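Please look over the sequence and the model shown here.

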Amino acid sequence: MSLYFILLFCLHYAPFTLSNFLSVKDQMYTDIIASNPCFLRLNGTNQFGCTSSRFGNVGTLHLIANLTDLDWLINKGMANPYIVALTPKMFNNKVLQLIEENFNKVNGIMLLMNGTNQEVINNDNLLKNGFSPEDTCPNRYSGISSCPSEPWNPYGTDILLKSWSFPIFVVYNQNAIKEIIDCFKKHNLPLNNQNDHSLCALELKSHMYAAVDSKTCIRRTILSYQNIRPIKFCDVLGDKNVYWSLKEFQPNTTNHSIAVVAARLDATSMFQDLAPGALSTATSIVTLMATANLISEMLPYDYAKNYSKNIMFILFNGEAYNYIGSSRVAYDMYMQNFPNDKIKLQQNHIGLFVELSQIHYEKEVVFHRLIKYNVSENVENFMNIFNKSLTKDEFNIYESKSLSVPPASLHSFLKKDPHFPGVLLTGFNNKFKNEFYHSILDDASNIKYDVISQTIASISTSLSYSLYTFITNNPYQGSKEVNTSYVTKLLDCYVKSINCDLFKSLTSPLLLPDHPPNYYISIDLITNTLTSLSRLLFASFGKKITEVQNEENCIDYETKPGFLSVWLNGNYNACYLTTSNFTDAVSPAFIIPDYDLSSPEYSTWTESVWHEVQIRMFLRQSFRLQIIIFILGVAIFLFSFIITRKMYAQSGIYFNNQEADSVTSC
C-alpha cells in the first residue's frame with residue numbers, strides 16, 4: 001500500500017510542479033539587453049566575422065580591464081571556459097589575437113561601451129588612439145591601382161576581415177553593464193579557488209547558418225530547395241543606388257555631355273545595426289545633397305532644358321564591400337542597360353565625374369586622380385574653377401601627388417577605362433584623417449558639428465558654381481549659395497537621427513524611428529530606410545504638379561519619358577515631377593550566368609542567415625555541488641526505476657482486470 005500512497009502523492013503535486021516549471025527557469029536566468037552581435041559575412045573565398053555554436057556558448061564571466069587581467073585568464077584561470085567582458089581600451093587586435101590563440105579557454109566576448117559607473121569602462125582610450133576594424137587599404141583587391149607603401153587607413157586593424165572562433169557582442173545599455181560588473185564582483189571575486197564556489201556565468205547565442213564561403217552557402221541553399229522544408233543559409237548583399245538628374249535623359253545622348261557627382265551611401269562595422277558612418281559616409285552625402293539643392297535653384301528645369309548638357313547626382317550603395325553599387329552601374333553601362341534599356345547611358349557619355357569622399361571639417365580639399373592617364377580638359381577646367389571659388393573662403397586646395405587613388409567608387413569606372421575623366425574630392429591627402437573608419441565610434445561625436453556645417457556649405461557652393469559652368473560654358477553671375485542652416489538640417493538627418501525635421505517634412509504623419517542612420521547595405525531583399533528617404537529628398541528638388549490633388553491620382557499621373565510622379569507627404573503634401581529613381585545595387589557576380597564566385601572581378605559578398613540573438617546571465621554551481629547534484633540525480637533515477645519495476649510486477653494487484661466487468665463481455 002505504501003507504493004499506492006506514493007503514486008497518489010506524485011499525481012497530486014505533478015500539476016503544481018509543471019505549472020511552475022517556466023517561472024523556475026526564468027528565475028535562473030537574467031536577460032542582458034544586447035541586440036548587436038558580430039555576425040558572419042562571406043565572399044567568394046572566405047568567411048569573416050563571428051558565430052556561436054548552435055545552442056549558444058556558455059562560460060564563466062571574467063572582466064578584463066588591463067593586461068594583468070588578461071594574463072591571469074591565460075595562465076591561471078581554471079574555471080574554463082570563460083566569457084570575457086572587455087573594456088574599450090582592451091578591445092584591439094593584439095588582445096583579440098591573444099584570446100584567439102587561447103580559444104580553448106574563451107567561449108565568447110562582450111565589449112562594454114559607455115559605462116559610467118566605472119572608470120575602466122569608458123572609451124577614452126579608443127578616442128585617443130583611434131580605432132578602425134577595417135583593412136589598412138580598404139577594398140585592396142578591387143581597385144585599379146595598388147596600395148601605396150604608406151597605407152590609406154593607418155588606424156586599420158583588420159578585425160573586420162577575420163573569422164573569429166567565438167561570438168562577440170557589444171553592450172551599450174547602462175543597466176546591463178552594471179548588472180554584469182556587479183555579478184562579476186559579487187560571485188567571481190576573489191579569483192583564487194574559483195571552482196570551490198558558485199560563479200557568475202553567461203550564455204551568448206548568435207548562431208550563423210552559413211559557413212566556408214559564398215559559393216558554398218549558395219550551393220547549400222539551392223540544394224535545400226529540393227526538400228519539403230528548404231533552408232536558406234545566406235543572402236546576397238544588396239540594396240539600391242539612388243540618382244537624380246537636372247533634367248531628363250535623352251535616348252541619343254551626346255558624348256561627354258553629362259557631369260556626374262557621386263558619393264557612397266553605405267558604411268559598415270563589426271556589429272549588426274551599428275554602422276553610423278558619420279565621417280566615412282554622411283558628410284559626403286550631405287555635401288552632395290546641398291549641391292543638388294543649390295544647382296536645382298541656379299538651373300531650374302525650364303532654364304536647364306535649353307542646354308545640351310546634363311548633371312546626374314548618384315549615391316552608390318555597397319561600396320564598403322568591393323564597390324557593389326558602382327561596379328553594377330559600370331557593368332550596366334557596358335551592357336547598355338543604365339539607367340534602363342531605353343536611355344542606355346555609357347561611360348563615353350560622361351564628360352566629368354566628381355566623387356565626394358570623407359569631407360572633413362578642416363578647410364582643406366585634396367584632388368585625387370590617375371595623373372598618368374587623366375588628361376581630360378573638363379577635369380582641368382573643373383578643378384581650376386573650383387579652386388578659384390573656394391580659395392576666397394581661405395581653403396587650402398591642392399592635388400595629391402600619389403600614383404594611387406584612395407578607395408572610391410571611381411575605381412569601378414577606371415577599371416573599364418583608365419582614361420575615364422574622373423576626379424576624387426576628399427578632405428585628406430596621403431592618409432585618412434578619420435581615425436574611426438568603419439567603426440562604431442564614427443558617429444556624431446567624431447565630427448566638429450558646429451564647424452563642419454560652414455565647411456560643407458562652402459564646398460557645396462563652389463561645386464555648384466563649377467557645375468553651372470560645365471552646363472552653360474559661362475561663369476555664374478548670381479548670388480545664390482548654400483545656406484549653412486540647411487546643411488545643419490541635413491547633418492541632423494544623416495548623422496544624428498532619421499526622425500529629423502527635414503525627413504519628417506517629407507513623410508509626416510508617418511512615424512520614423514528616432515535613432516541614427518544605419519549605413520550597412522544589408523541584403524538585396526530589403527531596401528534601407530535611408531535609401532528611400534534619400535530618394536524622396538531628391539524628389540523634393542523637382543517640380544510640383546499643381547493639377548494633382550491626392551496621392552492616388554499622383555500614382556496614376558502620366559508623365560513624359562524620363563520623369564516619375566512622386567507624392568510627398570508632410571509639409572509638401574503634393575505631387576512632384578522628378579527624375580529621381582533607383583537602380584539595382586547588386587553585384588554583377590550574381591546576375592552573370594555561371595560566374596566564378598572565386599574571381600575578384602566583381603563583389604561576391606553574402607551575409608549569413610541567423611535565427612536568434614540572446615545573452616543570458618546565470619549562476620553556475622561549483623564543481624563540488626555539480627558532482628553532488630549528479631550523484632543525487634543518479635540515485636533518484638535508480639530509486640524511480642526500482643519503484644516502477646516493482647509496480648509493474650504487482651500491477652495485477654493495483655489495477656483490476658476490467659474485462660470481466662465490461663458491458664460487452666459474455
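K344 is found in the loop between helix 10 and strand 13, where helices (H or I, at least four residues) and strands (E, at least two) are DSSP runs numbered from the N terminus. Phi of K344 is near 60°, a positive value in a residue other than glycine. Because its relative accessible area is 35%, K344 is partly exposed; buried means under 20% relative accessible area, exposed means over 50%, and partly exposed lies in between, with a 1.4 Å probe and protein chains only. The model is predicted, so that local features need pLDDT of at least 70 and side-chain atom pairs count only at pLDDT 80 or more, while totals for chains, interfaces and linings use all residues. Residues are numbered from 1 along each chain as its sequence is written, and side-chain values use heavy atoms, with hydrogens and water left out.

The loop between helix 10 (324-334) and strand 13 (350-357) also holds P339, and the peptide bond that leads from F338 to P339 is cis, with omega near -10°. Another cis peptide bond, again with omega near -10°, runs from N80 to P81, and P81 lies in the loop between helix 3 (67-75) and strand 5 (82-86). A positive phi in a residue other than glycine is also found at N573, where the value is near 45°; N573 belongs to the loop between strand 18 (564-568) and strand 19 (574-578).

Two packed helices are described by the angle between their axes and the distance between the axes. Here the axes are lines fitted to C-alpha atoms, for helices over the stretch in contact, and the angles run from 0 to 180 degrees between N-to-C directions. The table gives two such pairs.

| Helix pair | Angle | Axis distance |
|---|---|---|
| Helix 8 (residues 278-298) and helix 14 (residues 484-496) | about 140° | 9 Å |
| Helix 8 and helix 16 (residues 529-539) | about 20° | 10 Å |

Helix 8 and helix 14 are therefore oblique to each other, given that angles under 35 degrees count as roughly parallel, over 145 as roughly antiparallel, 65 to 115 as roughly perpendicular and the rest as oblique. Their contact (heavy atoms within 4.5 Å) includes A282, I285 and M289 of helix 8 and Y486, L490 and Y494 of helix 14. The residues of this contact divide into 12 nonpolar, one polar and no charged.

Helix 8 and helix 16, by contrast, are roughly parallel to each other. Their contact is made by L288, M289 and A292 of helix 8 together with S534, L537 and F538 of helix 16, and these residues divide into five nonpolar, one polar and no charged.

Leaving aside its neighbours within four places in sequence, F538 is in contact with residues including W244, L288, M289, A292 and F313.

Methods:
Nonpolar A, V, L, I, M, F, W, Y, C, P; charged D, E, K, R; others polar.
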